[in-house]
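Dear colleague,

My notes on selected elements follow it.

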Amino acid sequence: MRCCLIGGSGFIGSHLASLLTASGRELTVVGRRAAPIRKLPLGAKYVCGDYGNQELLRTLISQTDEIVDLAYATVPQTSFADPIFDIQANLPPNVSMLRRAAEARLRRVVVVSSGGTVYGMARSLPINEEHPTDPIAPYGITKLTIEKYGLMFHRLTGLPVVIVRPGNAFGPGQIPEAGQGFVATAIARVLSKRDVTIYGQEGTIRDYVHVTDVASGIISALEHGQPGCCYNIGTGVGKSNLEVLRAIETLASVHGHRIELRVGEPRGFDVPVNILDSGKLREVSGWTARVSFEAGIEETWNFLEGT
């Protein structure tokens, strides 16, 4: 089976690439950089290019059986600063890819959306896929729009698209201070003796999912997901920023570090609580999160301490 992983040299993509090659797939990874920023597994082919380029896109699709689309040019924080750029940088290439994929005979197309942003304010917890989608930040609005285009092509052309909505991925390999990824940023700031800022007395509550569990959830959706359906990837457990810091503090004290905390005013584009119900994915594939939060925190600490 030939698989094309768009945006595959990033944080989630590098972990996903390893699992895809381990499954026996012939993997092509597409990225904008001249060389991947993370080491790819043995046997994976890397293609440098903009997947919005129609000629490149046509060639890639003609040479694959599956597509997993992880590419996205912005993060929630930067999308709020420039919502027009968020649209222009992400919507045209994603819609173009979906349109070209709809013209081909592919086994499956997986679009990686955002379980943390597309639902907006939680009306019930944990959030399942039937929960209303009402995002409050540009990032979530554009992610949801891409979902809608994928589902439109499914209805009109039979495009075998599956949508996945992961929670907040964390773990080794995540780059701190990148506008998302509270765990990595907090640990990096503690290690460098800088203060950590949360917004609101306890910060926001998020469903933190270890990156290997996110990657295995994507593969579960790729292999077992029903075309035209959406699947959450989460643990069903929420942790506030303050609870994350308490877990980090256990490690920090052992290594002679302490946490300097700053509390800012809540930000309007932050959803206060997001906890995902992944029962739908579990039902079709048996997937479940396997790495505990505490083990993931320790693994991330060790990774960042050694960099």
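Strand 1 is mostly covered, with four of its five residues buried. In this predicted model, strand 1 runs parallel to strand 2, and five bridges join the two. Within that pairing, Cys3 has Leu27 of strand 2 as its bridge partner. The chain passes from strand 1 through helix 1 to strand 2, and this β-α-β crossover is right-handed. Strand 1 also runs parallel to strand 4, to which four bridges join it; here Ile6 stands opposite Asp69.

Helix 1, the connecting element of the crossover, comprises twelve residues, 11-22. From first C-alpha to last, helix 1 reaches 18 Å, close to the 16 Å expected at 1.5 Å a residue. Its buried residues are Phe11, Ile12, Gly13, Ser14, Leu16, Ala17 and Leu20. These buried residues pack against strand 1 (2-6), strand 2 (26-31), strand 4 (66-69), strand 7 (168-170) and helix 7 (211-224). Just after helix 1, Gly24 adopts a positive phi of about 95°.

A further site concerns Thr300, which belongs to helix 10 (residues 293-305). Is Thr300 buried or exposed? Its relative accessible area is 1%, so Thr300 counts as buried, the cut-off being under 20%. A polar atom of the Thr300 side chain lies 2.7 Å from the backbone oxygen of Gly296. Leaving aside residues up to four places away in sequence, Thr300 touches Phe170, Gly171, Pro172, Val183 and Ile187.

Yours sincerely

Methods
Residues are numbered from 1 along each chain as its sequence is written. This is a predicted model: local features need pLDDT of at least 70, side-chain atom pairs count only at pLDDT 80 or more; totals for chains, interfaces and linings use all residues. Side-chain values use heavy atoms; hydrogens and water are left out. Buried means under 20% relative accessible area, exposed over 50%, partly exposed in between (1.4 Å probe, protein chains only). A polar contact is a pair of N or O atoms within 3.5 Å; within protein, one must be able to donate a hydrogen and the other to accept it, and residues adjacent in sequence count only if both atoms are side-chain atoms. Contact means heavy atoms within 4.5 Å. The expected span of a helix is 1.5 Å times one less than its number of residues. Two strands pair if DSSP finds at least two bridges between them. A crossover is right-handed if, with the strands pointing away from the viewer, the path from the first strand over the helix to the second runs clockwise.
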